[in-house]
Amino acid sequence: MEPKLSVSNLYKSFGEKQVLSNLSIDVMPGESMVIIGGSGTGKSVLIKCILGLITPDSGSIKIDGHELVGQPMAKRQKFLKNIGMVFQGSALFDSLTVWENVAFGLMYEKKMAREQAKEKALTLLATVGLDKRVGELFPSEISGGMKRRVALARAISTEPNLLFFDEPTAGLDPIFCGVINTLIRDCVKKLGATAVTITHDMHSARTVGDEVAMIHDGHIIWKGKASKVDSCKNPYVQQFINGHADGPIKLETTAEEVA
Amino acid sequence: MILVTQVGRVFLKFLETTGRLSLFLKRAILQGLRPPYYFKQLLRQFLDIGYLSLPVVGLTALFTGMVLALQSYTGFSRFNAEGAIANVVVLSITRELGPVLAGLMVAGRIGAAMAAEIGTMRVTEQVDALTTLSTNPMKYLIAPRIFAGILMLPLLVIVADIVGVFGGYLVSTYRLGFNPATYIKQTTEFLEAQDVYSGLIKAGVFGFIISSMGCYHGYNSKGGAQGVGQATTKAVVSASILILVTNYILTALLFER
């Protein structure tokens with residue numbers, strides 16, 4: 001079977017700093033892939049390269065077998081129509097109300113009438129557990145957890161078949177983390193979509209992921225079933241999931257070095 | 001040697017920025033002219049740049065016209081040339097002060113707001129979110145602002161011209177004792193169409209400069225609040241300087257015989 005998303009030999013550097021280095025990963029249709037890794041290892045850069053927000057130095061990114069690297073924006077937008085993304089900070093449009101945020105893709109991309117789009121947006125808000133009164137508020141008037149739910153509703157509004165989540169539970173309390181994880185898992189299943197989630201949160205990784213891959217030094221160092229991640233022998237994975245300070249992953253600067 | 005290196009570096013940076021700005025504006029204008037069109041965004045910018053700038057532009061023009069009449073009177077009365085006040089007021093306002101002052105006021109009000117709004121959207125990933133929702137930020141954010149800037153500034157300058165001349169009329173007739181009918185006659189007698197439309201051409205160019213600077217610096221802002229603050233400052237300063245430089249070039253082109 002052809003992978004839904006195929007990244008191969010991807011390189012990206014910012015000045016002297018090599019962020020992605022010969023990174024390759026395949027995600028099969030309907031699979032929920034979770035990419036874990038420390039801060040600054042290139043997880044967000046990888047997603048932004050896939051979405052065309054950052055241009056990679058070299059390598060290949062294919063969706064449904066179609067090459068995206070080097071394609072003009074107009075051509076990439078054809079693929080973006082089938083992609084949904086939840087950003088780390090939610091990235092809601094603060095000049096629009098909550099329902100207008102959710103209905104944005106419906107009105108501008110699907111050309112749905114405003115009233116019809118509002119109706120669908122309110123249904124989507126109900127799906128993520130938000131009351132219709134929230135729809136009339138502005139993003140600055142709602143909490144971080146609610147924003148994340150609105151961002152999820154916006155991402156799934158156009159019924160995409162490929163979803164990306166960048167640290168979907170970052171900064172949320174454990175209860176909200178659980179709610180968001182469950183919503184992500186349910187929404188992805190309901191849509192039958194392929195999902196790629198970036199996270200530091202191992203509970204989140206175990207809940208939403210079918211497969212887990214670990215990124216370190218700009219490339220994938222381990223990939224396997226989510227159910228096997230705890231028993232895997234890879235020292236990098238073990239250090240990461242157990243949160244040990246000692247191990248093969250070195251912090252860039254230690255307190256002793258600074259002193 | 002160090003000085004030469006520094007000058008060379010500044011010059012290269014200038015060329016790089018000019019190149020980036022040119023490519024940015026080319027993309028925004030060419031993509032903005034192709035469908036889909038975001039009319040609601042365009043109308044919102046018409047309202048922001050045009051209607052909501054009326055009070056500040058109107059007040060500036062009113063007091064400028066009033067001061068101009070007063071200053072001209074105190075100067076011209078030294079050599080009995082008070083009769084030229086109406087002409088000086090109308091020509092100064094329509095040719096120079098209307099477009100330049102409206103441009104500078106709008107640069108402060110709108111250029112800063114554009115840079116801050118787009119800059120905040122950039123650093124909070126809202127611009128990236130637009131892209132992932134299959135919406136081209138150049139069409140949705142940039143092009144409507146640039147087109148609205150070009151179209152709204154001339155309208156604001158028409159208002160500034162009328163209000164400025166009216167300010168001069170008020171001071172001349174109520175404070176300096178001029179005959180209203182004579183003042184109006186003198187105002188219209190020597191005014192030529194070129195005086196007005198040259199000011200409107202300048203206004204269109206200034207509108208383009210203000211919106212371009214606001215959008216460019218906002219779109220390229222980096223970091224957090226500090227980056228947005230720097231973008232706002234750069235937008236206002238660069239627009240103001242470019243307005244003054246361009247004003248000289250346009251005056252030379254439009255009036256030099």
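Tutor: Between the two chains, the contact takes eleven residues from chain B and 16 residues from chain A. This is a predicted model, where local features need pLDDT of at least 70, side-chain atom pairs count only at pLDDT 80 or more, and totals for chains, interfaces and linings use all residues. Residues are numbered from 1 along each chain as its sequence is written, while chains are lettered from A and ligands numbered from 1 in the order in which they are written.

Student: What makes two residues count as in contact?

Tutor: Their C-beta atoms, placed from the backbone, must lie within 7 Å. On the side of chain B that touches chain A, the residues divide into two nonpolar, seven polar and two charged. Here Ala, Val, Leu, Ile, Met, Phe, Trp, Tyr, Cys and Pro count as nonpolar, Asp, Glu, Lys and Arg as charged, and the others, Gly among them, as polar.

Student: How do you know which elements chain B is built from?

Tutor: Helices (H or I, at least four residues) and strands (E, at least two) are DSSP runs, numbered from the N terminus. By that rule chain B has nine helices and zero strands.

Student: Why is the crossing of α3(B) and α6(B) called right-handed?

Tutor: A crossing is right-handed if the near helix is turned clockwise from the far one by less than a right angle, and left-handed if anticlockwise. Helix α3 (residues 54-76) of chain B and helix α6 (residues 137-175) of chain B pack at about 35°, with axes 7 Å apart. Axes are lines fitted to C-alpha atoms, for helices over the stretch in contact, and angles run from 0 to 180 degrees between N-to-C directions. α3(B) therefore passes α6(B) in a right-handed crossing. Their contact has 17 nonpolar, seven polar and no charged residues.

Student: What makes a set of residues a nonpolar core?

Tutor: The members are buried Ala, Val, Leu, Ile, Met, Phe, Trp, Tyr and Cys residues joined through C-beta atoms within 7 Å. Buried means 20 or more other C-beta atoms within 10 Å of a residue's own (exposed: 12 or fewer; partly exposed: in between), with C-beta atoms placed from the backbone. The largest such core has 139 residues, and those with the most contacts inside it include Val102(A) and Leu156(B). Helix α4 (residues 85-123) of chain B gives the largest share, 19 residues.

Student: Why does this core lie between the domains of chain A?

Tutor: Domain 1 (5-82 + 160-258) and domain 2 (91-159) of chain A both give residues to this core, so it lies between them. The domain bounds come from an automatic or database domain assignment.
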